[in-house]
Amino acid sequence: MVHFVGAGPGAVDLITLRGEKFIREADVIIYAGSLVNPGLLQKAKQGCEIYNSAKMTLEEVISVMERAHKNGQEVVRLHTGDASLYGAIREQMDILEEKNIPYDSCPGVSSFCAGAAALNLEYTLPEVSQSLIITRMAGRTKVPEKESIESFAAHHCSMVIFLSAGMLEELSKKLVAGGYSPDTPAAIVYKASWEDEKKIVCTLEKLPEKAREMNITKTALIIVGDVVSPLSYGRSKLYDPKFTTEYRKGK
Ligand code: SAH
């Protein structure tokens with residue numbers, strides 16, 4: 001059996017209990033070495049074979065999984081954050097399916113959650129934004145045309161941009177071209193939840209400059225929208241004394 005496990009954003013105690021159990025029981029672990037905290041591997045049992053997928057191709061990853069499966073071994077494929085975001089898991093799963101190798105998935109805390117926690121931020125503030133767009137700039141991996149940064153910016157909702165910390169000049173221009181004003185609140189969170197986490201709240205136009213000052217070119221999230229430093233917002237209905245819910249009668 002192959003377990004795809006979300007390792008969480010960095011801090012070793014931000015993996016799920018289930019994910020940690022899979023690590024403890026694994027005979028083979030293939031981890032995304034670029035971003036998974038190596039401290040998590042210390043939880044593996046003695047004799048567990050450990051592979052760093054940063055140095056491997058898809059074919060090599062699959063061949064390790066296939067061999068382990070033939071030997072009746074339990075495999076953990078450890079991805080950073082939650083594996084459903086930029087995790088390249090579908091291509092692995094499709095080949096496992098062809099080869100009749102069973103697999104399942106264990107969710108993880110995505111870095112966009114750790115980024116919000118670092119800033120004590122709520123992405124969905126009443127009367128400010130009730131939606132969150134998660135996207136990236138096109139790099140060597142293309143982004144479908146209909147998902148341009150400009151088109152998303154037009155919504156003025158909360159936005160988290162992955163994999164783009166090295167392109168902030170262009171990102172900031174595109175966000176403004178799409179309709180955000182240059183003074184829209186924005187934040188950079190570098191290595192959220194790691195010991196060397198860095199964060200800065202600024203405005204959209206200041207993003208490139210702040211990143212340069214802090215020497216940030218990768219492993220960072222860009223968070224954009226009024227929720228980053230809201231001037232005002234609506235009170236929740238759920239906790240309003242006058243509001244009746246299934247659990248509480250309003251006065
Ligand atoms: N599956 C992961 C994302 C992998 S893509 C998740 O759910 O978080 C890699 C990108 O994620 C990085 O370029 C960066 O933009 C972001 N990232 C991952 N871990 C991060 C962290 N601890 N702090 C800030 N950004 C992070």
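A residue counts as near a molecule if one of its heavy atoms lies within 4 Å of that molecule. In this predicted model, 18 residues are around the ligand. Those that come nearest are Leu85, Ser110, Ser111, Ala192 and Ala220.

A polar backbone atom of Asp82 lies 2.8 Å from a nitrogen atom of the ligand. For Thr80, the distance between a backbone N or O atom and a nitrogen atom of the ligand is 2.9 Å. On its own, the ligand has 540 Å² of accessible area, and the protein covers 94% of this.

The next topic is the empty space in the protein. Rolling a probe the size of a water molecule over the atoms shows where such space is left. The largest pocket holds about 1,000 Å³ of space. Its lining is made up of 40 residues, and Ser34, Leu35, Thr80, Tyr86 and Leu163 are the closest to the pocket's centre.

Among the helices, α2 (58-70) and α3 (90-98) each supply at least two lining residues, as do the strands β4 (75-79), β8 (185-190) and β10 (220-224). Sorted by class, the lining has 20 nonpolar, 15 polar and five charged residues.

The second largest pocket has a volume of about 180 Å³. Arg136, Arg140, Thr141 and Leu163 line this pocket. By class, they divide into one nonpolar, one polar and two charged residues.

Technical notes: Residues numbered from 1 in each chain as written. Predicted model: local features only at pLDDT ≥ 70, side-chain atom pairs only at ≥ 80, totals over all residues. Heavy atoms only, no water. 1 Å grid on protein atoms, 1.4 Å probe; cavity = no way out; pocket = protein on both sides within 12 Å on 5 of 7 lines; lining within 4 Å. Points joined across faces, edges and corners; volume = space filled by probe spheres on them. Helix = DSSP H or I, 4+ residues; strand = E, 2+ residues; numbered from the N terminus. Nonpolar A, V, L, I, M, F, W, Y, C, P; charged D, E, K, R; others polar. Polar contact = N/O pair within 3.5 Å; in protein donor to acceptor, adjacent residues only side chain to side chain. Areas by Shrake-Rupley, 256 points an atom, 1.4 Å probe, with all protein chains shown as cover.
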